[in-house]
Amino acid sequence: MERKRASQRFDAKLVLAAYRNGFFPMAESRTGPISWFSPDPRAIIPINAFNVPRSFRRVMARADWHCTINSAFDSVIRACAERGEGMETWISDNIIRVYTELHRRGIAHSVETWRGDTLIGGLYGLAIGGAFFGESMFSRESNASKLALVRLAERLRDRGFRLLDSQIINDHVKQFGAVEIPRSKYLEFLSSAIRLPVKFID
C-alpha cells in the first residue's frame with residue numbers, strides 16, 4: 001500500500017485533491033499525525049452488481065427501522081470515531097473537523113439507521129462527481145450499518161453513480177459484492193467517474 005505522511009496542512013482543498021488522485025487519509029490516533037494511503041489492490045463495490053444477502057432481506061423488512069440521509073452527520077462521524085477500550089481510532093479530531101466542513105459544503109454525506117428516534121447505525125463518505133468514497137460505518141445494534149450500506153447503494157444506482165470505493169477489502173463488504181482491482185484500474189475508473197454530472201443530493 002502506498003503511504004505518504006501528510007504535511008502540517010490538512011484542509012478541505014487538500015482532501016479533495018487527494019481523493020481525486022486515489023488517496024485517502026487515516027490518522028494514527030485521535031490527536032495523532034495523518035497519513036495518506038492508496039492501496040494496491042483497491043477494494044470497490046460494483047454498484048450495478050451490489051449483492052444483498054438473502055438472510056439480510058428479513059432484516060430490511062423490519063418495520064421499526066428506517067434510514068435517512070444527512071440528518072445526523074456529526075453524530076455519525078463521531079460514532080464512527082469511537083473504538084473499544086484500548087483501541088486507537090484513525091478518525092482524528094482534524095479529520096472530523098475537515099469532513100464536517102465538507103458536509104456543510106455538500107460533499108460529505110451520511111446515511112443514518114434509526115429505530116424510532118434512536119440512532120443505531122450509519123455510515124459517512126464523500127461524493128465527487130459519480131464517485132462515492134465510503135469512509136466508515138458503525139452499529140449500535142446488529143446489522144444497523146448494513147442497512148445504511150444497502151440504502152446508500154440504492155441511492156447511488158438510482159442517481160447514476162459509477163464508483164463505490166470501499167478502500168480496503170474485509171468480510172463485511174465482501175458479502176455485498178466487494179472486489180479488489182489493481183490500483184491502475186481503479187485510477188481509470190476514478191478518472192471517468194468524477195467527471196460525471198450527477199449529484200448525491202439535489
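Author: In this predicted model, alanine 127 counts as buried because its relative accessibility is 12%, and the cut-off for buried is under 20%. Alanine 127 sits in strand E7. Leaving out residues up to four places away in sequence, alanine 127 touches Ile107, His109, Phe132, Phe161 and Phe200. Cysteine 80 lies 47 residues from alanine 127 along the chain, and the C-alpha atoms of the two are 18 Å apart.

Strand E7 spans 118–128 and gives two or more residues to the lining of the largest pocket. That pocket has a volume of about 410 Å³. Its lining is made up of 21 residues, and Gly134, Glu135, Ser136, Ser166 and Asn170 lie nearest the centre. Besides strand E7, the elements giving two or more residues to the lining are strand E2 (24–27), strand E8 (131–139), helix H5 (144–158), strand E9 (163–167) and helix H6 (171–174). By residue class, the lining of the largest pocket holds twelve nonpolar, six polar and three charged residues.

Strand E9 also contains aspartate 165. This aspartate 165 is a charged residue, yet it is buried, with a relative accessible area of 0%. Not counting residues up to four places away in sequence, aspartate 165 touches Arg42, Ala43, Ile44, Phe132, Phe133, Gly134 and Tyr186. Phe132 is also among the residues that alanine 127 touches.

In soluble globular proteins, nonpolar side chains tend to be buried together. Here the largest nonpolar core has 43 residues, and those with the most contacts inside it are Val15, Ile91, Tyr99, Leu102, Tyr124 and Leu126. A second, separate core has 27 residues, including Phe50, Phe56, Leu123 and Ala153. Tyrosine 99, from the largest core, is in contact with Val15, Tyr19, Pro25, Phe73, Ile77, Ala108, Tyr124, Leu126 and Glu135, leaving aside neighbours within four places in sequence. Of these contacts of tyrosine 99, Glu135 is also one of the residues nearest the centre of the largest pocket.

Two other contacts of tyrosine 99, Val15 and Tyr19, belong to helix H1, which covers residues 12–20. The buried residues of helix H1 are Ala12, Leu14, Val15, Leu16, Ala18 and Tyr19. An α-helix has 3.6 residues a turn, so residues three or four places apart point the same way. After H1 comes glycine 22, which has a positive phi near 90 degrees.

Terms used: Residues are numbered from 1 along each chain as its sequence is written. This is a predicted model: local features need pLDDT of at least 70, side-chain atom pairs count only at pLDDT 80 or more; totals for chains, interfaces and linings use all residues. Side-chain values use heavy atoms; hydrogens and water are left out. A nonpolar core is a set of buried Ala, Val, Leu, Ile, Met, Phe, Trp, Tyr and Cys residues joined through side-chain atoms within 4.5 Å. Buried means under 20% relative accessible area, exposed over 50%, partly exposed in between (1.4 Å probe, protein chains only). Contact means heavy atoms within 4.5 Å. On a 1 Å grid over the protein atoms alone, a cavity is a set of points where a 1.4 Å probe fits but cannot get out, and a pocket is an open set with protein on both sides within 12 Å along at least five of seven lines; lining residues have an atom within 4 Å of a point. Grid points are joined across faces, edges and corners, and a volume is the space filled by probe spheres set on the points. Helices (H or I, at least four residues) and strands (E, at least two) are DSSP runs, numbered from the N terminus.
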